[in-house]
Amino acid sequence: MEASKPPEFAIDVSDAISAPEAFGASFDAAPLREALELGEGLEGDPAVAFRRTLGMFATGVTVLTTRAGEQVHGMTANAFMSVSLLPPLVLISIDRRAKMGALLHEGTRFGVSVLEAKQTGLSDRFAGRVADELPEATFEIIHETPLVEGALAHLVARVVRSYWGGDHSLFLGQVEFARYGEGRPLLFHGGRYERLIEDPSVFSLLPRELLDPILALGEKREYADGDVIMRRGEAGADLMLVLEGNVRIERPGFVMERGEGELVGEIEVLNPGEGRTADVLAVGHVRCVAVSRDALVSALEADPSAALALIEVLASRFRETA
Ligand code: FAD
C-alpha cells in the first residue's frame, strides 16, 4: 500500500500516527445497491426521508471557488469536512451535475470561504437561487485562487485525489493556505439557514433543566420590525425566550430593550390573574420561542432545580425594574 501513497503525503508522521494505510482500496469498487429501510413513522419517498434525515446534521455554509481561465466560478456547498491535520487535508462533495465538478481535477486549486452569519444572500447567489437584490461578491486572490471577501474563514487547497461518490464526486484537497477572523458562522440545518446564539445572559444563567423544556415545549414565532408581540392589559398566557433580535418593553415612564437569550413576559405567565404589565414591540426582525403557562408549570413541577432557577431570574427582574 505504501507505493500507492501520493508524493504530497510523503512526510514523516512515524511518531504521530499508527492508523492503517487506506488510500485507494476502499474506493475501487462501487457498493451494491441496497434498498434503504426507513424508520418507524417515516413513509413516502425514501429519497426524501433520507435527505431529511441527513438535514438533521447541522453544518456551516461555504462558497467553493476556482478559476476557469480568467473567470471565477463559485458555488455554495455545505458538504465540506476536515480530514487530517498532518498533512492538512479537507474533503468536498460535489453533485455530478454541478459545473464546479467539471472544473476540478487532480492538481487544480479550489478556495473555501466559510460564510458569516449574515451572508445568506451570498449563499443564495452561489446556489443559483433567484431573488431580488442578492449581494455582489468580490474576490481576493491568494495562491492564484479566488476567495470571497468578508467570509469568516478561508482555505486554499489543491486537489490531490478525487473519488466516486454516487451522484456526487469527492475531492480531497491538500490545504496550502488557511486563516480565520472573528465572528459567528452561518449554519444550515433541516434545509434552512440558522444562526448560533453565543452565551446570552439567560442561556448562561439558566441550567439545562429549565432551558431544555423551554426550547422543547416552545413554539417558534417570528415578528417584523415594529410588530406588537405583547400588549399591555391582555392576558399573559405565555412567556417568550428571545432567540434573535431585540424587543422593546414600554409602559408609562419605563422603556427598556431586551435581546437574544432573554425572557419576556415571565412574571405574568406565573400570575394568571394579572394582565400584561407592558407593551412589547419587535425591534428589527425578531425570532423567539413562546411557552404556554401549562407547559411551563409542568416542566417546573417536574424539576425543582428548574423552578429555583426561574425564581432567580424573577428576583433579578424585580431588582432591575424596582
Ligand atoms: P452554477 O449553478 O452555474 O453557479 C452557481 C451560482 O453561482 C449561479 O447563480 C452563478 O451565477 C453564481 N456564480 C458563479 N460564479 C460567480 C461569480 N464569479 N460571481 C458571481 N456569481 C457567480 N451542491 C453540491 O454539489 N454540494 C454541496 O455540498 C452543496 N451544498 C449546498 C448547501 C446549501 C446551503 C445550498 C443552498 C446549496 C448547496 N448545493 C450543494 C447546491 C449548489 O450550490 C447548487 O446546485 C449550485 O448551483 C451548483 O453550482 P454550479 O457549479 O453548477 O454552477
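Guide: A lining residue of a pocket is one with an atom within 4 Å of a grid point of that pocket. The model discussed here is predicted.

Visitor: Which residues lie nearest the centre of the largest pocket, and how many line the pocket?

Guide: The lining has 42 residues, and Arg51, Asn78, Ala79, Asp95 and His168 lie nearest the centre. Among the elements that give two or more residues to this lining are helix H1 (46-55), strand S5 (89-95) and strand S10 (168-180). H1 gives the most, 7 residues. The space in the pocket is about 1800 Å³.

Visitor: How do the lining residues divide into nonpolar, polar and charged?

Guide: The division is 21 nonpolar, 14 polar and 7 charged.

Visitor: Why is Glu268 called buried?

Guide: Buried means under 20% relative accessible area. Glu268 has 10%, so Glu268 is buried. Glu268 sits in helix H6 (residues 266-269). Leaving aside neighbours within four places in sequence, Glu268 is in contact with Gly236, Gly275, Arg276, Thr277 and Arg293.

Visitor: Which residues are closest to the ligand?

Guide: The closest are His73, Thr76, Asp95, Lys99 and Met100, among 22 residues that surround the ligand.

Technical notes: Residues numbered from 1 in each chain as written. Predicted model: local features only at pLDDT ≥ 70, side-chain atom pairs only at ≥ 80, totals over all residues. Heavy atoms only, no water. 1 Å grid on protein atoms, 1.4 Å probe; cavity = no way out; pocket = protein on both sides within 12 Å on 5 of 7 lines; lining within 4 Å. Points joined across faces, edges and corners; volume = space filled by probe spheres on them. Helix = DSSP H or I, 4+ residues; strand = E, 2+ residues; numbered from the N terminus. Nonpolar A, V, L, I, M, F, W, Y, C, P; charged D, E, K, R; others polar. Buried < 20%, exposed > 50% of the residue type's maximum accessible area, 1.4 Å probe, protein only. Contact = heavy atoms within 4.5 Å. Near = heavy atom within 4 Å.
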